[in-house]
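Here is a short briefing on one chain.

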Amino acid sequence: MRAMVLDKPKQPLQLLDVEKPRPAKGQLLVRIVTCAVCRTDLHVVDGELPDSKLPLIPGHQIVGYVEEVGPENPSSFAIGDRVGIPWLGWTDGECVYCRSNRENLCDRGRFTGYTIDGGYAEFTVADARFCFHLPDRYNDVEVAPLLCAGLIGYRSYRKTGDARRIGMYGFGNAAILIAQIALYEGRDLFVFTRPGDMETQQSARAQGAKWAGGSDELPPEKLDAAIIFASVGPLVPAALRALAKGGIVVCGGIHMSDIPSFPYVDLWEERVITSVANLTRRDGEEFFEIAPRVPVQTETETFPLEQANTALDRFRAGELSGTAVLLVSKSGHAERSEGPHTGSEEHPN
Ligand SMILES: [Zn+2]
Ligand SMILES: [Zn+2]
């Protein structure tokens, strides 16, 4: 099968012909149709995350169709079903975290496109227990970005509890998806961009933000919560200063530059800083239940599998107008086919 393979960090992926995987016990063999590109893929390719499998097939927002079911399939998936494969690929089910509903923190967790091979390829195998059924409302391109930007963004959002005034630092793929849910649930949204990025501030206001400004500004009201989507450490003390008493700063990314020191008074009065790591299957079930009701819309830009390096380069340079989605093969079932998946999908707002 064709695959885009990372041999060593800081090098372009190579298009290789590798052996098609075979499903082991409890696994599905999935023919991949699309795979969205996540910022974490960039961190892996650029060597900012240690200990990845090498050589590695990246990609953890995978949409495909079940081609073969391995022995002892305990899941509800059958041959021909559409399937979504996320970042969390496997857990041991027995460590202290797994036994306390925190499988996202599993001591031996394995991650798709990082410690196990992912979706920049024609086929993959996945543990059926960690795969999702995807809402019919979305086609194979639209749904791909929901599998990480959506899911882990949703986990960050849930950490804000019932915060009424929510700030978002960075307004990229994940923030745009989660903003739609926040507005649907009646929250007041405050968006912070790079200082001077009027275009993004404008589009945040058009989407429904109550206020949008630079990350060097303070919002007109104190915030009950802030989610940091950009991987920029100095945003943490900046967000802390924007919080009301008892507010929370949620760091939504897997990697961030160092956080500068700040005076204790900024944390005082029960303000909290936390991070979000990975996802649980429950996050996924909840998210895929709410997303089609909002409905959360994704904006995508598509690339053939062979152009994964171009997609990564343009992502790194901030030149994408939506989430990059790799087109791997044609859609699966005739009855599922929803037309050609080429070109950008316009955001309706
Ligand atoms: Zn565990
Ligand atoms: Zn991701």
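Helices (H or I, at least four residues) and strands (E, at least two) are DSSP runs, numbered from the N terminus. On that basis, Gly-26 sits in the loop between strand E2 (14-17) and strand E3 (27-36). This is a predicted model: local features need pLDDT of at least 70, side-chain atom pairs count only at pLDDT 80 or more, and totals for chains, interfaces and linings use all residues. Residues are numbered from 1 along each chain as its sequence is written, chains are lettered from A and ligands numbered from 1 in the order written, and side-chain values use heavy atoms, leaving out hydrogens and water.

**Loop sites**

- Gly-26 is buried, at 11% relative accessible area (buried is under 20%, exposed over 50%, partly exposed in between, with a 1.4 Å probe and protein chains only).
- The C-alpha atoms of Gly-26 and Arg-129 are 7.8 Å apart, although 103 residues separate them along the chain.
- Beyond its neighbours within four places in sequence, Gly-26 is in contact (heavy atoms within 4.5 Å) with Pro-71, Glu-72, Pro-74, Ala-126, Asp-127 and Ala-128.
- Thr-280 lies in the loop between strand E14 (272-275) and H6. Thr-280 is buried too, with a relative accessible area of 7%.
- Not counting residues up to four places away in sequence, Thr-280 touches Leu-88, Asn-101, Glu-103, Asn-104 and Arg-155.

**Helix H3**

- H3 (residues 173-184) has 12 residues and spans 17 Å from first C-alpha to last, close to the expected 16 Å (1.5 Å times one less than the number of residues).
- Of the 12 residues of H3, 9 are buried. Among them are Ile-176, Leu-177, Ile-178 and Ile-181.
- The buried residues of H3 pack against helix H2 (149-158), strand E9 (165-169), strand E10 (188-193), helix H4 (198-207) and helix H6 (281-290).
- Gly-186 follows H3 and has a positive phi, near 80°.

**Helix pairs**

- H2 and H3 pack at about 55°, with axes 9 Å apart (axes are lines fitted to C-alpha atoms, for helices over the stretch in contact, and angles run from 0 to 180 degrees between N-to-C directions).
- H2 and H3 are therefore oblique to each other (under 35 degrees is roughly parallel, over 145 roughly antiparallel, 65 to 115 roughly perpendicular, the rest oblique).
- H2 contributes Ala-149, Gly-150, Gly-153, Tyr-154 and Tyr-157 to this contact, and H3 contributes Asn-173, Ala-174, Leu-177, Ile-178, Ile-181 and Ala-182.
- By class, the contact of H2 with H3 has 8 nonpolar, 3 polar and no charged residues (Ala, Val, Leu, Ile, Met, Phe, Trp, Tyr, Cys and Pro are nonpolar, Asp, Glu, Lys and Arg charged, the others, Gly among them, polar).
- H2 and H6 pack at about 95°, with axes 9 Å apart. H2 is therefore roughly perpendicular to H6.
- That contact includes Tyr-154, Arg-155 and Arg-158 of H2, and Asp-283, Glu-286 and Phe-287 of H6. Its residues divide into 5 nonpolar, 2 polar and 4 charged.

**Backbone geometry**

- Most residues other than glycine have a negative phi, and most peptide bonds are trans.
- The Leu-54 to Pro-55 bond is cis, with omega near -15°. Pro-55 lies in the loop between helix H1 (39-45) and strand E4 (62-69).
- The Val-294 to Pro-295 bond is cis, with omega near -15°. Pro-295 lies in the loop between H6 and strand E15 (300-304).
- Lys-10, not a glycine, has a positive phi of about 70°. Lys-10 is exposed, at 67% relative accessibility.
- Glu-269 has a positive phi near 70°. Glu-269 is partly exposed, at 32%.
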